[in-house]
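User: Hi! Could you walk me through this structure? I'll ask as we go.
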Amino acid sequence: MSFLEGLIGNFLFGWLNSYLYRKYLRKRNKDWIVFLAMIFITGLLLLDILIYLEIVDMTWVNALPWVNIPSIQSGKYFMWNSFLLFGLDLGITAQPGMDVFAVFLFISYIFWYYFGSKFGKFLHGYRPYQQGFYLIFRPVKKFIKDREKRMKEEDKAKSNK
Amino acid sequence: MHKLVLVDGAKGHTGTYLVKEILDSKSNWKIIATDLPVNKRKEIMTKERVFSSRFKYMTEILENEQVEFIPADLTIKDTIENLFENRKFDIIFHIASLYDYFAELSVLRTINVEGTRNLLDVISKSQDLNTLRFIHWSTCGVYGEPKYKKDSKGYPIPADETTPYNPPNNYSISKMEQEQVVEDYSKRYNLKATFIRPAPIMGPYQIYGIFHIMQIVNKSGFGSGIHIYPKKKRLAMSLIHVEDLVQAAIFLAEHDESIGETYNLVIDPCFQEDFLEYLADLLNAEYFNFPIWWPIYKAFSKYLFWLDKRKEKKARKMNTRPPVDLAMAAYTFHQYLFSNEKIKNLGFNFKFPDYKSATKDTVEWYLKNNWLESEY
């Protein structure tokens, strides 16, 4: 992933992971929130750094007819020109001094993941019984459906007793 | 001294607490408790099942030998007459009302207003009005949002019992009309009535009103502390703990100075943001501060109110109830600030005088009894 895609991806995965954690993983192990963050950030950061340093060669994406990455500094070109894979080529070439910005952007991955995670927590809750602010804004039909389902389950449980 | 007392609405939240309080503190009082027959109650009190599956009041208390339970329906005069046949009561605690913001005004009028009229009709014909004390349960809701007097810095001064009626919703309208019926009978028959106007009630076993705030904070996992600027616009939180409410009712019944008087029953003034912060803390939920300018906050709250209005409309179409009743959403932008000085001056001491003690007692009970979900 290039820089902008990486930042957006971090935010979205932070959000998604927060949801998965609340819904499925916290019940198994409360530390899953840290495991998920470590797995995702390390994986993405490592991949993007390797692309930037041209250890992972990205010229293979030239197989797509709308992509044209130059063979020199292909990794940096790929990283600075976000959305290449979607057909947007801004033609930004690496200049001296841009490496410093690249370092800052790589560091900011962690923060974007954190923002996404926080947003997910805000929207979906943190503990299994919580529903976040979705509770207030969810459609009334969904709320009523959930409530009726819950009431049926409780009636069933009571009659089994 | 031996006394015969009638508690109507005895199967409800406040009713059961009043019976419990009398049993705990007045061993020589004989209680005649009454409420709707089981099926009728289920039909009318839809809120009791919808808002909490764990719902249950302390109705087992009615099986105590000091209590005699006689079912009655205030809208059917014959059933009330049964209650008074061959009995001379010393005190009547008239709690019975349909407390439901979702109910239609016509239903509320039939139960709350006409029901009270029926009750007073029977009382005026069968009871000794020279000795009978009548404690009438009203609500602070009859004031609506009063025009507050301001102190020198521009902060609103809590409204006292002389504040004129301005009921904002159907329930409050029915309670205002109910008060007027009682006042009318008091004048005509010299009924020794005392009016109590409680703020929204909190306490164990409660599943409506303040319970919704607790449920929302607990389920959402967030308590949002909206800090309104300018400070003088900050909204107050009016509350009363159910134990204080029933103790005050008994206290007033025993004080003749309260005859013909009205009393607000509310804790000392506090802000909504302080209450929410403390609630979030007790419920282990996240709390965040959000400073906001009053006009923007008001516009946003009105937008939420409009959303809730739509939800209510949809729910009515689907023949069910919305997540939160509309009248409760109005608390987010109305200033409800009431004074408890009058009852304090009479010598009543609150067991839970502030929001912290009342909230702590309630939340701890909910968590201990799993009425609010928790991991701990």
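Analyst: Happy to, and here is a definition to begin with: a disulfide is a pair of cysteine sulfur atoms within 2.5 Å. Please keep in mind that this is a predicted model, where local features need pLDDT of at least 70, side-chain atom pairs count only at pLDDT 80 or more, and totals for chains, interfaces and linings use all residues. Residues are numbered from 1 along each chain as its sequence is written, chains are lettered from A and ligands numbered from 1 in the order in which they are written, and side-chain values use heavy atoms, with hydrogens and water left out.

User: Thanks. How many disulfides over all chains, then?
Analyst: The count is zero.

User: Is B:Cys140 buried or exposed?
Analyst: B:Cys140 is buried, at 2% relative accessible area. Buried means under 20% relative accessible area, exposed over 50%, and partly exposed in between (1.4 Å probe, protein chains only). B:Cys270 is also buried, with a value of 8%.

User: Switching to charge. Which residues gather in the patch of positive charge on the surface?
Analyst: The patch brings together A:Lys141, B:Lys309, B:Arg310, B:Lys313, B:Lys314 and B:Lys317. Patches are built from residues with over 30% relative accessible area and no salt bridge, joining like charges within 9 Å and nonpolar side chains (Val, Leu, Ile, Met, Phe, Trp, Tyr) within 5 Å. Lys and Arg count as positive, Asp and Glu as negative, while His and the chain ends are not counted.

User: Where does the largest share of the positive patch come from?
Analyst: From helix H10 (residues 294-317) of chain B, which supplies five residues. Helices (H or I, at least four residues) and strands (E, at least two) are DSSP runs, numbered from the N terminus.

User: Let's do salt bridges. How many does the structure hold over all chains?
Analyst: There are 22. A salt bridge here is a side-chain nitrogen of Lys or Arg within 4 Å of a carboxyl oxygen of Asp or Glu.

User: Which side chain does B:Lys77 pair with?
Analyst: B:Lys77 forms a salt bridge with B:Asp121, with 3.0 Å between the closest N and O atoms. This pair links distant parts of the chain, 44 residues apart: B:Lys77 is in helix H4 (residues 77-84) of chain B and B:Asp121 in helix H5 of chain B. B:Lys77 is partly exposed at 29% relative accessibility, whereas B:Asp121 is buried at 17%.

User: And what does B:Arg109 meet in a salt bridge?
Analyst: B:Arg109 meets B:Glu177, at 2.7 Å from N to O. B:Arg109 lies in helix H5 of chain B and B:Glu177 in helix H6 (residues 170-189) of chain B, so the pair ties together parts 68 residues apart in sequence. B:Arg109 counts as partly exposed at 34% relative accessibility, and B:Glu177 as buried at 17%. There is also a network, in which salt bridges that share partners join B:Asp100, B:Arg321 and B:Asp325.

User: Now the backbone. Is the peptide bond from B:Tyr229 to B:Pro230 cis or trans?
Analyst: That bond is cis, with omega near 0°. B:Pro230 sits in the loop between strand S8 (222-229) and strand S9 (240-241) of chain B.

User: What about phi of A:Phe83?
Analyst: Phi of A:Phe83 is near 65°, a positive value in a residue other than glycine. A:Phe83 is in the loop between helix H3 (74-80) and helix H4 (98-124) of chain A, and is partly exposed with a relative accessible area of 26%.

User: And where is B:Asn370?
Analyst: B:Asn370 is in the segment after helix H13 (355-368) of chain B. Its phi is positive too, about 60°, although B:Asn370 is not a glycine. B:Asn370 is partly exposed, with a relative accessible area of 47%.

Definitions and conventions. Areas by Shrake-Rupley, 256 points an atom, 1.4 Å probe, with all protein chains shown as cover. Charge placed at Lys NZ, Arg CZ, Asp CG, Glu CD.
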